[in-house]
Amino acid sequence: MEGHRNDDVSNKPTKVYSDDQLVVEIPETAHQISSDSWFQVGFVLTTGINSAYVLGYSGAVMVPLGWVGGVVGLILATAISLYANALIAQLHEFGGKRHIRYRDLAGFIYGPKAYSLTWILQYVNLFMINVGYVILAGQALKATYVLFRDDNTMKLPYFIAIAGFACGLFAICIPHLSALRIWLGFSTFFSLVYIVISFALSLRDGIRAPPRDYGIPGSNINKVFTTIGASASLVFAFNTGMLPEIQATVKQPVVGNMMKALYFQFTVGVLPLYAVAFMGYWAYGNESSAYLLNSVSGPVWVKAFANISAFLQTVIALHIFASPMYEYLDTKYGIKGSALAVKNLSFRVMVRGGYLVVTTLLAAALPFIGDFMSLTGAISTFPLTFILANHMYLVAKRNKLTSWQKLWHWLNVIFFGFMSVAAAVAALRLIAVDSKNYSIFADI
């Protein structure tokens with residue numbers, strides 16, 4: 001691990017006391033660490049899970065799984081994700097070092113090769129999430145436009161380009177994750193707007209509608225693949241493949257405060273997600289769309305308000321999942337001091353702007369949001385959040401675990417390894433099907 005540390009951290013670490021009053025080294029970073037309360041960090045986590053992605057879970061999760069599979073699946077995914085994230089949180093100060101990056105923790109436990117592999121997995125994960133966010137933001141803008149002018153003049157790729165530009169401006173203005181502060185309040189407000197509106201309008205439509213069909217659509221073979229894909233979407237909903245980076249911002253004691261934030265996320269934080277996913281499916285059955293606000297009926301201004309709120313919240317949420325990339329580049333090139341300094345500002349314009357140009361271009365070219373959710377869950381969320389979490393904990397605590405505890409963690413590693421492979425196959429099949437149905441830069 002020592003051979004690559006100079007790439008992104010200084011050789012002058014600071015030292016603090018851990019939860020157990022042991023001295024812990026903290027690697028240097030260009031971004032702020034140990035500055036946020038557990039409550040603020042809890043809102044960072046809930047901003048991620050209650051982003052505009054929740055408007056797709058009725059169609060992406062409930063329709064392929066049905067009532068029993070969808071409800072049980074979401075509850076199980078919540079419990080399993082809390083458990084896996086708690087394992088990672090407890091390793092934050094393992095071995096006398098504070099691991100403020102996911103790759104640092106993996107590299108410390110396994111060595112340089114695991115460091116590099118984890119880095120690749122994490123950035124693929126975060127990049128694909130950000131692509132999905134830009135698609136979502138573009139869809140929200142297009143849905144708003146269609147409410148007032150359904151003339152087919154403006155296509156989805158145009159709105160995706162506008163969304164990418166807005167995300168770029170926000171990334172330039174907000175230097176690091178801790179600087180979100182007041183924006184987390186705005187994010188919560190925007191989330192409540194589109195969740196409450198979609199919930200209320202779905203409830204009204206459901207009361208007025210005739211009996212719905214809740215049968216799982218498709219042939220038997222299609223049901224198998226869509227069920228596996230929906231399972232990947234389930235874990236994607238609670239994706240925190242950047243937990244060490246978020247935990248780096250929390251005040252001491254970092255493990256205790258992070259656990260408070262996780263309990264907040266997986267109790268109060270998941271209720272809006274449950275509400276909108278279940279209500280959307282109840283109201284529209286297996287006709288639920290991939291973007292719930294396209295299904296609801298109601299006053300134009302109300303739907304427009306919800307769509308604009310979804311767009312604005314997505315801009316904020318994307319910044320959270322892009323922050324590990326920003327932190328790496330800022331640290332590597334010594335971007336410190338005033339955010340308004342000419343050097344720092346121009347660096348953010350060029351580097352973050354360039355990153356979001358590439359992200360936006362891919363989002364406009366392949367706007368299949370359900371596919372991104374499934375593939376991201378398969379190739380990176382499963383390995384990072386479940387396989388690595390259990391195995392790293394097993395390796396780090398092997399001398400303190402009983403035989404039954406070791407067996408339990410090995411069963412988790414094997415099960416989620418199998419699920420990762422199966423979900424990847426299902427997601428690639430879905431992409432192949434959609435590639436036949438839609439051309440590049442499709443207006444969907």
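Ser288 is buried, at a relative accessible area of 11%; here buried means under 20% relative accessible area, exposed over 50%, and partly exposed in between (1.4 Å probe, protein chains only). You will find Ser288 in the loop between helix 11 (271-284) and helix 12 (300-332). Helices (H or I, at least four residues) and strands (E, at least two) are DSSP runs, numbered from the N terminus.

A polar atom of the Ser288 side chain lies 2.8 Å from the backbone oxygen of Gly285, and the side chain also reaches the backbone oxygen of Gly280 at 3.3 Å. These are polar contacts, that is, pairs of N or O atoms within 3.5 Å; within protein, one must be able to donate a hydrogen and the other to accept it, and residues adjacent in sequence count only if both atoms are side-chain atoms. Leaving aside neighbours within four places in sequence, Ser288 is in contact (heavy atoms within 4.5 Å) with Ser58, Gly59, Val63, Gly280, Tyr281 and Ser295.

## About the model

This is a predicted model, in which local features need pLDDT of at least 70 and side-chain atom pairs count only at pLDDT 80 or more, while totals for chains, interfaces and linings use all residues. Residues are numbered from 1 along each chain as its sequence is written, and side-chain values use heavy atoms, with hydrogens and water left out.

## The overall picture

The protein has 15 helices and two strands. Of its 444 residues, 57% count as buried. Among contacts with a separation of 6 or more, 82% come from residues 24 or more positions apart. Asn222 lies in helix 8 (residues 220-237) and is partly exposed, with a relative accessible area of 28%.

The protein exposes about 18,100 Å², of which carbon and sulfur atoms supply 70%; accessible areas come from the Shrake-Rupley method with a 1.4 Å probe, and for residues only the protein chains shown count as cover.

## Nonpolar cores

A nonpolar core is a set of buried Ala, Val, Leu, Ile, Met, Phe, Trp, Tyr and Cys residues joined through side-chain atoms within 4.5 Å. The largest one holds 119 residues, and Leu55, Tyr57, Tyr194 and Met392 touch the most other members. Helix 5 (residues 112-148) gives the largest share of this core, 13 residues.

Not counting residues up to four places away in sequence, Met392 touches Ile88, Leu91, Tyr102, Leu105, Ala106, Ile109 and Tyr110. A second, separate core has seven residues, including Tyr123, Tyr328, Ile335 and Phe347.

Pro253 is found in the loop between helix 9 and helix 10, and the peptide bond from Gln252 to Pro253 is cis, with omega near -5°. Most peptide bonds are trans.

Helix 10 (residues 254-265) has twelve residues, which at 1.5 Å a residue should span 16 Å, and this agrees with its end C-alpha atoms being 16 Å apart. The expected span is 1.5 Å times one less than the number of residues. Helix 10 is mostly covered, with nine of its twelve residues buried; among them are Met258, Met259, Leu262 and Phe264. The cover over these buried residues includes helix 2 (38-49), helix 3 (57-90) and helix 9 (243-247).

## Cysteines

Cys167 is buried, with a relative accessible area of 2%, whereas Cys173 is exposed at 58%. Taking a disulfide as a pair of cysteine sulfur atoms within 2.5 Å, the count comes to zero.
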